[in-house]
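Dear colleague,

I am handing over the structure we spoke about. Please find it below, followed by notes on what was found in it.

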Amino acid sequence: QLQLVESGGGLVQPGGSLRLSCVASGFTADYYAIGWFRQAPGKERTGVSCISSSIGSTIYADSVKGRFTISRDNAKNTVYLQMNSLKPEDTGVYYCAADLEYLSSCREGYQGLDYWGKGTLVTVSS
């Protein structure tokens with residue numbers, strides 16, 4: 001019954017904003033680290049951001065610092081990725097993933113985020 005469902009992707013012009021949502025079911029996401037990854041066509045999947053379990057902190061890839069913000073809404077069992085000042089190089093399929101170790105924290109290399117959603121496509125183009 002564990003499930004992560006991403007939504008909020010779409011087509012946006014450079015400089016625009018999107019908010020992605022990752023809704024968890026079958027577990028309480030607040031007690032687990034949740035990360036966002038993205039994969040551009042022909043490229044490897046890379047970590048974008050991560051939020052630790054509720055007692056922890058957040059991390060961001062250097063390429064998105066100052067533009068993206070990760071957050072939680074425990075009442076909705078949802079993790080968000082607010083993306084501002086979008087650039088064409090932000091284009092890709094965005095996935096959320098959970099570290100199912102209880103009270104897990106984000107790791108610098110995004111290791112341990114092993115349970116994945118199906119992704120949502122973000123296209124930044126003029």
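Which residues form one aromatic cluster? They are Phe-27, Tyr-31, Tyr-32 and Tyr-102. Please keep in mind that this is a predicted model.

Aromatic pairs

A search of the whole structure finds six aromatic pairs.

Tyr-102, at 52%, counts as exposed.

Another pair is made by Phe-37 and Trp-116. The ring centres are 4.5 Å apart and the planes stand at 50°, so this pair is tilted. It also links distant parts of the chain: Phe-37 belongs to strand β4 and Trp-116 to strand β10, 79 residues apart. Phe-37 is buried, with a relative accessible area of 7%. Trp-116 is at 29% relative accessibility, so Trp-116 counts as partly exposed.

Charges over rings

What sits over the ring of Trp-116? It is the charged end of Arg-45, 4.4 Å from the ring centre. An arrangement of this kind also involves Arg-19, whose charged end sits over the ring of Tyr-80 at 4.1 Å from its centre.

The sheet

Four strands form an open sheet, and their order is β1-β3-β8-β7. The pairing is antiparallel. Why is one side of β1 and of β7 left without a neighbour in the sheet? β1 (3–7) and β7 (68–73) stand at the edges, and each has a single partner strand, so one side of each has no neighbour there. On average, neighbouring strands of this sheet are turned by 15° against each other, direction ignored.

For β1, the pairing with strand β3 (residues 18–25) is antiparallel and runs over five bridges. Within this pairing, Val-5 has Val-23 in β3 as its bridge partner.

Kind regards

Technical notes:
Residues are numbered from 1 along each chain as its sequence is written. This is a predicted model: local features need pLDDT of at least 70, side-chain atom pairs count only at pLDDT 80 or more; totals for chains, interfaces and linings use all residues. Side-chain values use heavy atoms; hydrogens and water are left out. Two strands pair if DSSP finds at least two bridges between them. Helices (H or I, at least four residues) and strands (E, at least two) are DSSP runs, numbered from the N terminus. Axes are lines fitted to C-alpha atoms, for helices over the stretch in contact, and angles run from 0 to 180 degrees between N-to-C directions. Rings of Phe, Tyr and Trp (its six-membered ring) pair if their centres lie within 6.5 Å; planes under 30 degrees apart count as stacked, over 60 as edge-to-face and the rest as tilted. Buried means under 20% relative accessible area, exposed over 50%, partly exposed in between (1.4 Å probe, protein chains only). A charge sits over a ring if NZ of Lys or CZ of Arg is within 6 Å of the ring centre and within 35 degrees of the ring normal.
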